[in-house]
Amino acid sequence: MAKLWAGRTSGITDNLADDFNSSIRFDQRMYQQDIRGSMAHASMLGLQGIIPQEDADSIISGLEGIFNDLNSGALKIDETCEDIHMFVEQVLTERIGDAGKRLHTARSRNDQVALDLRMYLRDEVDSISEKVRALMAAITDVAEKNIDAVMPGYTHLQRAQPILFSHEFMSYAMMLSRDLARLSDCRGRINVSPIGSCALAGTTYNTDRHFEAEKLGFDSVCLNSIDGVSDRDFCIELISCLSMIMMHLSRMSEEIILWSSGEFSFIELDDAYTTGSSIMPQKKNSDMAELVRGKTGRVYGDLMSILTVMKGIPLAYNKDMQEDKESVFDACDTVKMCLNICAPMIASMKLKKENMLHAAQKGFINATDLADYLVRKGLPFRSAYKVSGQIVSVCIEKGCVLETLPLEVYQQYSELFEEDLFQAIDLKTCVMTRISEGGTGPASVEKQINYIKSLLS
């Protein structure tokens with residue numbers, strides 16, 4: 001079949017070259033954006049008198065029919081076409097005749113594909129943002145329902161200080177809130193219309209780029225036509241944002257995997273989000289969390305792919321840029337899939353609060369509070385630190401914890417120790433007295449929860 005671009009060449013290419021050159025197998029997902037963009041373009045052409053108004057009306061009516069038929073399934077996309085743009089124009093011309101051939105006046109596939117991609121990714125950002133919000137809501141709900149659960153906080157994967165589980169979990173909501181803000185910022189840079197840039201140099205026709213941009217919901221138009229067709233910063237920026245979302249999901253998944261293990265046993269995932277072993281009947285594997293962790297590398301790969309494609313391309317459009325879509329589509333699909341699984345997995349997991357508290361008691365994680373006790377009694381912190389370390393060594397030697405070491409042993413190391421010591425180093429007291437803003441105290445955690453709720457309202 002001769003191509004719509006036949007002229008300078010015969011338009012007849014080798015079948016293998018056709019398949020290699022074709023993008024319709026992946027860009028067909030943009031058919032709605034392509035048709036909407038073409039309808040706005042036809043409307044502008046008619047209003048500006050560039051084509052007869054009756055032709056513009058016929059084009060718009062024909063495109064509406066194609067849109068409806070594709071949505072209903074009455075029309076199937078022909079994957080022998082080169083791309084979705086050619087398919088739509090070809091069907092349009094078959095249906096309305098020569099008027100359909102006027103649609104491509106004052107535009108190029110270069111600005112057309114940039115328009116479609118920006119419109120598609122704008123919709124994707126909106127969808128992904130809603131899924132991020134759903135996960136934030138699930139995290140906040142679990143934190144609020146378990147606001148009093150005490151667990152060990154870790155540094156270097158070693159038990160460090162007592163914290164509330166809700167404090168730990170809300171840190172992920174904070175990460176996601178920044179992801180949400182980044183997506184919003186990125187959307188603003190996506191939402192700039194390139195249509196009217198044509199191949200690279202603009203056009204001799206008296207077009208109204210602002211009319212098309214406004215009709216399609218864009219905030220502004222690209223100010224440089226070469227940049228309009230050759231820029232893919234918006235794709236790179238979006239995948240970068242998605243990579244950070246995946247980094248946060250991966251870190252959360254790593255903790256869920258650890259907490260689900262027998263060595264920690266802090267949580268239990270619902271059966272719906274775990275799998276078993278083909279040979280070991282006792283196993284309950286956190287495969288969904290592991291897959292989220294693994295798919296992070298896939299999205300990172302998408303980012304590196306498009307960065308590498310773009311790094312050496314001269315201006316303006318080059319066919320290399322066809323490689324942008326599979327990377328950005330895959331990143332969007334992967335992130336949406338992971339967000340979809342994480343929200344219900346989090347919402348349905350069960351906490352093992354006693355195990356968390358027991359782990360906290362075994363780790364001497366109230367040693368800092370022991371030192372702070374002595375500081376409040378007047379001892380300099382460095383001296384208090386040394387005394388506390390000596391007492392931890394005694395506990396290890398005797399096989400006990402700070403809460404069970406007799407007061408008389410404490411008093412061998414400092415006469416400042418009194419009966420009120422044991423209340424001061426009780427783990428729940430240690431958590432309750434963390435009153436600094438942003439800390440693990442209940443009042444602070446409630447403030448964090450309310451902050452995230454305000455973002456989601």
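In this predicted model, Asp330 has its place in helix 12, which covers residues 324–348. With a relative accessibility of 16%, Asp330 counts as buried, because the cut-off for that class is under 20%. Once residues up to four places away in sequence are set aside, Asp330 touches Arg298, Asp302 and Lys325.

A helix pair comes next. The axes of helix 6 (residues 109–145) and helix 10 (residues 233–260) come within 12 Å and cross at roughly 20°, and since angles under 35 degrees count as roughly parallel, helix 6 is therefore roughly parallel to helix 10. The crossing of helix 6 and helix 10 is left-handed. The residues that make this contact are listed here.

| Helix | Residues in the contact |
|---|---|
| Helix 6 | Leu117, Arg118, Leu121, Val125, Ile128, Val132, Leu135, Ile139 |
| Helix 10 | Phe234, Cys235, Leu238, Leu242, Ile245, Leu249, Met252 |

By class, the contact of helix 6 with helix 10 comprises 14 nonpolar residues, no polar residues and 1 charged residue.

The largest nonpolar core of the model has 81 residues, and those with the most contacts inside it are Leu121, Leu135, Phe165, Leu238, Leu242, Leu249 and Ile346. Helix 10 gives the most to this core, contributing 14 residues. For Phe165, leaving aside its neighbours within four places in sequence, the residues in contact are Val142, Asn146, Ala149, Met151, Trp259, Met349, Leu351 and Met356.

Note on methods:
Residues numbered from 1 in each chain as written. Predicted model: local features only at pLDDT ≥ 70, side-chain atom pairs only at ≥ 80, totals over all residues. Heavy atoms only, no water. Axes fitted to C-alpha atoms, helices over the stretch in contact; angles between N-to-C directions. Helix = DSSP H or I, 4+ residues; strand = E, 2+ residues; numbered from the N terminus. Parallel < 35°, antiparallel > 145°, perpendicular 65-115°, else oblique. Left-handed = near helix turned anticlockwise from the far one by under 90°. Contact = heavy atoms within 4.5 Å. Nonpolar A, V, L, I, M, F, W, Y, C, P; charged D, E, K, R; others polar. Core = buried A, V, L, I, M, F, W, Y, C linked by side-chain atoms within 4.5 Å. Buried < 20%, exposed > 50% of the residue type's maximum accessible area, 1.4 Å probe, protein only.
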